[in-house]
Structure formats: structure tokens, C-alpha cells
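Biologist: Before we go through the packing of this chain, could you set out the conventions and then take my questions one at a time?

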Amino acid sequence: MFDSPLSASAYEVLGVDPKASEDDLRKAYRLRLRQTHPDTGGDAALFVQVQRAWELVGTADARAAYDRGHGFGDAPAPEWSGWRAPAPRTDTRPRARSYGHPGGWRRERYLTLIREWAGRGVALEDPYDPALVRSAPQQLRRLLADALAEEATARVIADLGMGYTVWHDVAPAVRAGGWGAASSSAPADPDAKIDHIVLGPSGLYAILSEDFGGPIRLRRGELIGDGVEGAPIAALIARMRGIARAAGVRFSGAIVVLPDDDVLQVIDEIGKVRGTPVAVVARSALSTVLRRGITGVRAIGGNEVFDVRSRLQQAVRFA
């Protein structure tokens, strides 16, 4: 959670200044433990955040490493690959068939806007410098966080192997007999896409990769939290159904993938939402869900996999 462009820093979670003394830091930690402890009416998710924050800055060595890596120290930040575009893979293991560019539109948009925000004529040596990102407007940080979430999910899916096919950044279907913008241009509303469509033996799933920068909960089949806007699950289901009609396929369910630290349950199968089976899963559990499928969903096998793949391949357009 603390490595997200949207998340609060360890110091913000503990309620202290980054330059606070060790004694003040320790006092703040104990206070926040009492305030957030579930046994005294506190929030369990925040209680976990406080403990994690202390792990990151509670000792001199850990604090020095955290400060360097997150732009708080006087020394320049090291080469920190977490927010940069992933390097091309060099291993030769069989991968899932992959189409589209996960996180591509948002990462490109972030790079354009961060330079505009910094100002004309200002040279940005590193547009992913932690201190720079932390000071940027929330809109820019959200673009980067979304791109990172989509890239992380794509890496998990790729490791599933040749039995799976994935389409990334799929443009929405349009009711008036067509699709969204073609692959050569971005759709009018890039947020109205499906992050990933995954086809495998366990079924056909629409996947939303998200990072809201903090703990997320569920209420009446929908995500709620400080960073949640609108109704993400309902929107995903609506887009999924549009693509199902356009391609002539039937989706098995919808999956929302969140950072491990932002969910209380690793796998939460919340049942049917608007008639669609939905699961909210931690990123580390995504491969498990895609291999076994959502409970009660019919597996896909034999010629049906090839038929569904062909239909989607002919119909899908990219954001």
C-alpha cells in the first residue's frame, strides 16, 4: 500500500512529520495503535496500516532505506524500478497469449501531463522520482497508479501459460452497431474500457485492475473506500455485457483485482451482482482464481475455447 502513487506515506499514517525524532515517532506509533485497535472501536484495516508503517520506519536502518526510496531523505533517490515501465522479458518460458498493451494509454498520458504540470522548459530527469510523484496532483498520481495496477495484473496472467489468452485495454462496445475507437486512437473516455479479458479452461472473465491507494470494503455488491468514485463493479459488468453482445460470447464472471494490503480477504466471492458472478481478489491470489474459476461457474473446454477465442479476436478493439 505504501508503494502506491496514491497511498499515504508511512509518516502520514503515523501522523508525524517526516523529520520527527525517533522518540516522537515511537510515541505517535503507540498513539495510533490505541486509536485504531479493533478492540477499542478502531478500524481493523487502519490498524494493519499502522503496524506496516512502523515496520517501514520504526528502526534507523529501515527508516533510512524508506526515506531514500520514497524521496524523503537528503540523498538522491536510487534507481527505483517500481514505477517505471517494466523491462522486456528475457526468459523463454511459455506465456499466455497476450494482445494489447496493459496500462499503456494511462502511462503515456501520465508522462505527458507530468511534464505539462512541471512547466514549460523544466527538464525532468526522472518523471517517476518518488518526491515528484508525491507532490503531483491526484489526477496524475491516479493515472500512474492505474497503469501500475494493470501492468502487475498482466504479469500474473502471463505466468498462467499457453492455455490462457488475454486481451488488455479493450475498448467498450457501442450500442449503435459498432465499437469504440479503433486501436490507432484512444477512446473518448479511456476509463470506459475493460482492463483485461481472460479466456482459459476455467472460463471467460472480465477483469478490473485497481489501486485506490488505501483499504477497500464491499457494501451491497459494490466497492467503497476513500478513493472509490462511482460504482466500479456495476460499470465493469455493463461494459462486459456490451462486449459479450458485440462478440457473441458469454462471460463466466467478473473479477476485481486489488493490491494485497488493500483487502481484508484474499479472495472474496460476493455472489451475483446484476446476475453476474463477481469476485474481489488480492493480486497474489489472482492466478489461483483464474485456474480454478469462480465457484459455481462452468468450465470451458475443447472446441468451445477455440470458438470463443476466435469470436473475441475478430471483435475486440483496443483503447
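Modeller: A crossing is called left-handed if the near helix is turned anticlockwise from the far one by less than a right angle, and right-handed if clockwise. Helices (H or I, at least four residues) and strands (E, at least two) are DSSP runs numbered from the N terminus. This is a predicted model, in which local features need pLDDT of at least 70 and side-chain atom pairs count only at pLDDT 80 or more, while totals for chains, interfaces and linings use all residues. Residues are numbered from 1 along each chain as its sequence is written, and side-chain values use heavy atoms, with hydrogens and water left out.

Biologist: In which hand does α2 pass α3?

Modeller: The axes, which are lines fitted to C-alpha atoms over the stretch in contact, with angles from 0 to 180 degrees between N-to-C directions, come within 9 Å for α2 (residues 22-36) and α3 (residues 44-57) and cross at roughly 165 degrees. That makes α2 roughly antiparallel to α3, a label for angles over 145 degrees. The crossing of α2 past α3 is left-handed.

Biologist: How do the residues of the contact of α2 with α3 divide?

Modeller: With contact meaning heavy atoms within 4.5 Å, the α2 side includes Leu 25, Tyr 29 and Leu 33, and the α3 side includes Phe 47, Val 50 and Trp 54. Ala, Val, Leu, Ile, Met, Phe, Trp, Tyr, Cys and Pro count as nonpolar, Asp, Glu, Lys and Arg as charged, and the others, Gly among them, as polar. The residues of this contact are therefore eight nonpolar, two polar and two charged.

Biologist: Which strands stand at the edges of the sheet?

Modeller: Seven strands form an open, mixed sheet in the order β1-β2-β5-β6-β9-β11-β10, where two strands pair if DSSP finds at least two bridges between them. Each edge strand has a single partner, so one side of each is left without a neighbour in the sheet, and these strands are β1 (97-99) and β10 (267-273).

Biologist: Which residue in β6 does His 196 stand opposite?

Modeller: Strands β5 (residues 194-200) and β6 (residues 203-209) run antiparallel and are joined by five bridges. Opposite His 196 stands Ile 207.

Biologist: How many residues apart in sequence are the parts that Asp 159 and Arg 95 tie together?

Modeller: Their side chains meet at 2.8 Å, N to O, in a salt bridge, which requires a side-chain nitrogen of Lys or Arg within 4 Å of a carboxyl oxygen of Asp or Glu. Asp 159 lies in the loop between α7 (138-158) and β2, and Arg 95 in the loop between α4 (60-70) and β1, so the separation of the parts is 64 residues.

Key:
Angles under 35 degrees count as roughly parallel, over 145 as roughly antiparallel, 65 to 115 as roughly perpendicular and the rest as oblique.
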